[in-house]
Amino acid sequence: MVHNILKGSTSPSKAASKQQLRKVFFDCDVDDNSILTKEEIKKAFGRFGSVFPGFRAWRALKRVDKNRDGCVSLEELDDLIEYAHKLGYNQL
């Protein structure tokens, strides 16, 4: 099983944990506009247990905010989820 994950296959638990991350990000979208602000992302990383959620939100925006509008849109959300997952925020 570990060998398959290292090869890049997606296990059911990996997909489930990404769905959990997606749910937390959507739960933190306080104005329900499907656009995550830095504060909403910070809140999500706080819920994930980040020691420095403000820094983590800033780094996430630097990596996934392709159009540099300071927010994460639905088009950028999968990249944000992948970023959080790669950092190990997958055991909610």
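**Helix packing exercises**

Helices α4 and α5 are oblique to each other, a class that holds angles which are not under 35 degrees (roughly parallel), over 145 (roughly antiparallel) or 65 to 115 (roughly perpendicular). The model is predicted, so that local features need pLDDT of at least 70 and side-chain atom pairs count only at pLDDT 80 or more, while totals for chains, interfaces and linings use all residues. Residues are numbered from 1 along each chain as its sequence is written, and side-chain values use heavy atoms, with hydrogens and water left out.

**Exercise 1.** Describe how α4 packs on α5, giving angle, axis distance and contact residues.

*Solution.* Begin with the geometry: the angle is about 130° and the axes are 10 Å apart, where axes are lines fitted to C-alpha atoms, for helices over the stretch in contact, and angles run from 0 to 180 degrees between N-to-C directions. Next, list the contact (heavy atoms within 4.5 Å), in which R56, R59, A60, R63 and V64 of α4 meet E76, D79, L80 and Y83 of α5. Finally, sort these residues by class, which gives four nonpolar, no polar and five charged residues.

**Exercise 2.** Determine how α3 is oriented towards α5, and which classes of residue make the contact.

*Solution.* The axes of helix α3 (residues 38-48) and helix α5 (residues 74-86) come within 12 Å and cross at roughly 30°, which makes α3 roughly parallel to α5. The contact is then traced to I41, F45 and F48 of α3 and to L80, Y83 and A84 of α5. By class, this contact has six nonpolar, no polar and no charged residues.

**Exercise 3.** Work out the orientation of α3 towards α4 and the make-up of their contact.

*Solution.* The axes of α3 and helix α4 (residues 53-64) come within 8 Å and cross at roughly 125°, and α3 is therefore oblique to α4. On the α3 side the contact uses K38, I41, K42, F45 and G46, which meet P53, G54, R56, A57, W58, A60 and L61 in α4. Sorted by class, the contact has seven nonpolar, two polar and three charged residues.

Note on methods
Helix = DSSP H or I, 4+ residues; strand = E, 2+ residues; numbered from the N terminus. Nonpolar A, V, L, I, M, F, W, Y, C, P; charged D, E, K, R; others polar.
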